[in-house]
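Please open the model in your viewer and keep the sequence beside it, ready to select residues by number. The stops below can be taken in order.

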Amino acid sequence: MLFRRRHGRWSCPARVLSRPGKSIAFNYQDSPLKLINNGHTIQVNVAPGSSISVNGHEYPLAQFHFHSPSEHTVEAKSFPLEAHFVHKDKDGNLAVVGVLFREGAENAALAPIWANMPTELGKEKAVEGVTASAKALLPSKPEYYRYSGSLTTPPCSEGVTWLLMTEPLEVSRAQVETFHSLMGGDTHRPLQPVNARLPMK
Ligand SMILES: [Zn+2]
């Protein structure tokens, strides 16, 4: 199966390394729901205590957020939604787990987040009595693709380990539309000019 990042040939190119034999060990705890709308995405800030372990290296989970349509394409097909779980180790190295969503049934794990997405920009909203479950947003199959790359938002910093889960989850069309209407359109990285020179004729 081939995959690539959207617009990857323009900048922040992704390089497929391999599919490792070892699984990611997920240690995700539910945490009180805290959301922020930064104008590009809805980000869920998680309480300390969640982490992943990749080949024995531990990365604490800092936050997760969403893009629509997906930032990755699989066999040239994009998906209506993608979640990014952003982890940072004690030395500042980043590991991002990507989960793709295909259109289907309503996703119950997204529901509490979707019901509380803030419209106000840049201010964290804490929702009393509601928990966010990052664990419920993981596919059951542990397979993933691993590669080194950069963040999908500028600056295109190097040194990010990407772990793209191969099994997509489902999201309803209504949930995708709710996200779009709040964010005001597509939230994948906008297409940039390939180069500034005009074609020679
Ligand atoms: Zn992202």
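Which residue in strand 15 is the bridge partner of Glu103? Select Glu103 and you will find that its partner there is Val171.

Before moving on, note that this is a predicted model, in which local features need pLDDT of at least 70 and side-chain atom pairs count only at pLDDT 80 or more, while totals for chains, interfaces and linings use all residues. Residues are numbered from 1 along each chain as its sequence is written.

Next, select strand 11, residues 94-103, where a strand is a DSSP run (E, at least two residues) numbered from the N terminus. Seven of its ten residues are buried, so strand 11 is largely enclosed by the rest of the structure; buried means that 20 or more other C-beta atoms, placed from the backbone, lie within 10 Å of the residue's own, whereas 12 or fewer means exposed and anything in between partly exposed.

- Strand 10 (residues 81-88) pairs with strand 11 in the antiparallel sense over eight bridges, and Phe85 has Val97 as its bridge partner.
- Between strand 10 and strand 11, which form a hairpin, lie five residues, and Gly92 in the turn has a positive phi of about 90°.
- Strand 14 (residues 160-165) runs parallel to strand 11, with five bridges, and there Leu163 is the bridge partner of Val97.
- Strand 15 (residues 169-171) is also parallel to strand 11, joined to it by three bridges.

Finally, select Val130 in strand 12 (residues 125-132), which counts as partly exposed because it has 14 C-beta neighbours inside 10 Å.

Notes: Helix = DSSP H or I, 4+ residues; strand = E, 2+ residues; numbered from the N terminus. Pairing = 2+ DSSP bridges.
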